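Thanks for asking me to look this one over. Could you keep the model open while you read my notes?

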Amino acid sequence: MVIALGAHADEVTRRFGYAPPLFGKRGYHVHFRLAGNAVQNHTMVDTEAGFVLAPMRAGIRLTTGAEFARVDEAPTPVQLTRAEPLARALMPLAERIEQAPWMGVRPCLPDMLPAIGRLPDQAGAWCAFGHAHQGFTLGPTTGRLLAEMMDGETPFIDPVPYDPSRF
Ligand SMILES: Cc1cc2nc3c(=O)[nH]c(=O)nc-3n(C[C@H](O)[C@H](O)[C@H](O)COP(=O)(O)OP(=O)(O)OC[C@H]3O[C@@H](n4cnc5c(N)ncnc54)[C@H](O)[C@@H]3O)c2cc1C
């Protein structure tokens, strides 16, 4: 069994006596139409205000920075509210396309490394969560590392930094 449930993974591991200090860093985005015949061909980053305006198929995407929040708390997209007037000063944004912003959660551990390896004190159970900001990038690597450990092969990298038992 591989527990790969993102920010909810500890809900299952706790049943097996393992309570890692997992927490979430959220991100939000919402799309806008452009007013008139305006066109945006490139992504823009406002590093001072901390938002991105990106042309997507759905519209012009306004994104936020990270937000610390408990997993089950309601969305609080205040960063979008604050960024919107600043974004409107950069681009002629028309109305929002969606009613509710999109929200995603980055599953994080305090050392910002994932938990990959045996579920402590359990036979036949494995962990693969806590990939924080790099879960898309690290998914294939995690899959290979975990498969090699499960098969008893020599892993292609040292798995010790990711050992779930460090917590
Ligand atoms: C705004 C934002 C931008 C990001 N940008 C990047 C980036 O540029 N590059 C990058 O590499 N990563 C990025 N990430 C991080 C990446 O999205 C995550 O690290 C990755 O999605 C984690 O993958 P996961 O499979 O561990 O968890 P998730 O993707 O969260 O998947 C867990 C799944 O388990 C399901 N689940 C939970 N509990 C249960 C249950 N009890 N029963 C059944 N199913 C359950 C959930 O519904 C979900 O489908 C970004 C994240 C955010 C929020």
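1. A word on the ground rules. This is a predicted model, where local features need pLDDT of at least 70 and side-chain atom pairs count only at pLDDT 80 or more, while totals for chains, interfaces and linings use all residues. Residues are numbered from 1 along each chain as its sequence is written, and side-chain values use heavy atoms, with hydrogens and water left out.

2. The protein chain is assigned domain 1 (2-22 + 110-166) and domain 2 (24-107); such bounds come from an automatic or database domain assignment. Between the C-alpha centres of domain 1 and domain 2 there are 31 Å. Nine residues from domain 1 and six residues from domain 2 make the contact, where contact means heavy atoms within 4.5 Å.

3. How much area is buried between domain 1 and domain 2? The figure is about 640 Å², with carbon and sulfur atoms giving 65% of it; buried area is the accessible area (1.4 Å probe) that two parts lose on being put together, summed over both. On the domain 1 side, Ala7, Ala132 and His133 lose the most area to domain 2, together 60% of what that side buries.

4. Across this interface of domain 1 and domain 2, the rule finds zero salt bridges (a salt bridge is a side-chain nitrogen of Lys or Arg within 4 Å of a carboxyl oxygen of Asp or Glu). It does find four residue pairs in polar contact, both residues at pLDDT 80 or more. A polar contact is a pair of N or O atoms within 3.5 Å; within protein, one must be able to donate a hydrogen and the other to accept it, and residues adjacent in sequence count only if both atoms are side-chain atoms.

5. Do look at Glu67, which sits in strand E6 (residues 67-69). Helices (H or I, at least four residues) and strands (E, at least two) are DSSP runs, numbered from the N terminus. Glu67 counts as buried because its relative accessibility is 10%; buried means under 20% relative accessible area, exposed over 50%, and partly exposed in between (1.4 Å probe, protein chains only). Its side chain makes a polar contact of 2.7 Å with that of Tyr28. Leaving aside residues up to four places away in sequence, Glu67 also touches Gly24, Lys25, Arg26, Thr76 and Gln79, among others.

6. Seven salt bridges turn up in a search of the whole structure. One of them joins the side chains of Arg33 and Glu95 at 2.6 Å, N to O. Arg33 is in strand E2 (residues 23-34) and Glu95 in strand E7 (residues 93-96), 62 residues apart. At 44% relative accessibility, Arg33 is partly exposed, and so is Glu95 at 42%.

7. Arg88 and Glu84 also meet in a salt bridge (3.0 Å, N to O). Both belong to helix H2 (residues 78-90), four residues apart, about one turn of the helix. Arg88 is partly exposed at 34%, whereas Glu84 is buried at 15%. A network of salt bridges links Glu84, Arg88 and Arg96.

8. Finally, the side chains of Arg166 and Asp111 form a salt bridge of 2.6 Å, N to O. Arg166 lies in the segment after helix H3 (135-150) and Asp111 in the loop between strand E8 (102-108) and strand E9 (115-118), so the pair ties together parts 55 residues apart in sequence.
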